[in-house]
Amino acid sequence: MAVKVYVVYYSMYGHVGKLAEEIKKGASSVEGVEVKVWQVPEILSEEVLGKMGAPPKTDVPIISPQELAEADGILFGFPTRFGMMASQMKAFFDATGGLWREQSLAGKPAGVFYSTGTQGGGQETTPLTAVTQLTHHGMVFVPVGYTFGAKMFDMEKVQGGSPYGAGTFAGDGSRWPSEMELEHAFHQGKYFAGIAKKLKGSSA
């Protein structure tokens, strides 16, 4: 039976969505892994989104909290808001009370990826504060660590990401994920899927 990995994200302007695409490719490269990409529901009105200059949503399906229980492993992606996850993703986690009550996600591996506006804007605090959500669900946090190798030490270019997970800098919104950031995302997807496969195999 295939290992089900869900990539669940919120993306207002598309930067996190771009990382999600690469993470899916990386996870799909692992034999025996089936990957599905989802968006969480939007909580802002079309009027407000329009004033913020947000583009139309993609056709990626919207997930309900209960559907998380179907996955063997989940990677959550979100932009930062003042050093923490965006309220859309937090609202989604807040709606998982039923899963928490039953501990339906306990023991499942989970990872995170993210986007920030600036270098001091939350590349570490955003994923770090997100770990509390996973902890209350009893999930097993799988950081990417330094498994991406020497590229994580490259000081020649601005690059997002950290040992917590893949990341990008959006700047004023005009900067898109660099080639190296996309490679990091691909690596995280592949690495995470491998861990999820091992965990499912050991519990079979």
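Just after helix α5, Gly-138 adopts a positive phi of about 75°. Helices (H or I, at least four residues) and strands (E, at least two) are taken here as DSSP runs, numbered from the N terminus. The model is a predicted one, in which local features need pLDDT of at least 70 and side-chain atom pairs count only at pLDDT 80 or more, whereas totals for chains, interfaces and linings use all residues. Residues are numbered from 1 along each chain as its sequence is written, and side-chain values use heavy atoms, with hydrogens and water left out.

Phe-82, with a phi of about 55°, is located in the loop between β3 and β4. Gln-103 likewise has a positive phi of about 55° and sits in the loop between α4 (97-102) and β5. As background, most residues other than glycine have a negative phi. On the accessibility scale, buried means under 20% relative accessible area, exposed over 50%, and partly exposed in between (1.4 Å probe, protein chains only). Phe-82 is exposed, at 89% relative accessible area, while Gln-103 is partly exposed at 34%.

Helix α3 (residues 87-94) can be described in a similar way. Here Gln-88, Met-89, Phe-92 and Phe-93 are buried. They fall on the same side of α3, since the arc they cover around the axis is only 140°. The packing partners of these buried α3 residues are β1 (3-9), β3 (73-81), β4 (84-85) and α5 (125-136).

A nonpolar core is a set of buried Ala, Val, Leu, Ile, Met, Phe, Trp, Tyr and Cys residues joined through side-chain atoms within 4.5 Å. The largest such core has 27 residues, and those with the most contacts inside it are Val-8, Ile-63, Leu-68, Ile-74, Phe-76, Phe-78 and Met-89. At least two residues of this core come from each of β1, β3, α3, β5 (109-116) and α5. Another core, of 23 residues, lies apart from it and includes Val-5, Val-7, Ile-23 and Ala-27. Within the surroundings of Ile-63, and leaving aside neighbours within four places in sequence, the contacts are Tyr-6, Val-8, Trp-38, Gln-39, Val-40, Pro-41, Leu-68 and Phe-92. In soluble globular proteins, nonpolar side chains tend to be buried together.

Tyr-13, Val-48 and Met-52 make a nonpolar patch of about 230 Å². Patches are made of residues with over 30% relative accessible area and no salt bridge, with like charges joined within 9 Å and nonpolar side chains (Val, Leu, Ile, Met, Phe, Trp, Tyr) within 5 Å; accessible areas come from the Shrake-Rupley method with a 1.4 Å probe, and for residues only the protein chains shown count as cover. Tyr-13 belongs to the loop between β1 and α1 (15-28) and is partly exposed, with a relative accessible area of 34%.

Finally, the structure holds eight salt bridges, each a side-chain nitrogen of Lys or Arg within 4 Å of a carboxyl oxygen of Asp or Glu. One of them joins Glu-22 and Lys-25 (2.9 Å, N to O); both residues lie in helix α1, three residues apart, or about one turn of the helix. Glu-22 is buried at 15% relative accessible area, whereas Lys-25 is partly exposed at 46%. Glu-42 and Lys-57 also meet in a salt bridge (2.9 Å, N to O). This pair links distant parts of the chain, 15 residues apart, with Glu-42 in the loop between β2 (33-39) and α2 (46-51) and Lys-57 in the loop between α2 and β3. In a further salt bridge, the closest N and O atoms of Lys-151 and Glu-183 are 2.3 Å apart.

How values were computed:
Arc of directions from axis to C-beta. Contact = heavy atoms within 4.5 Å.
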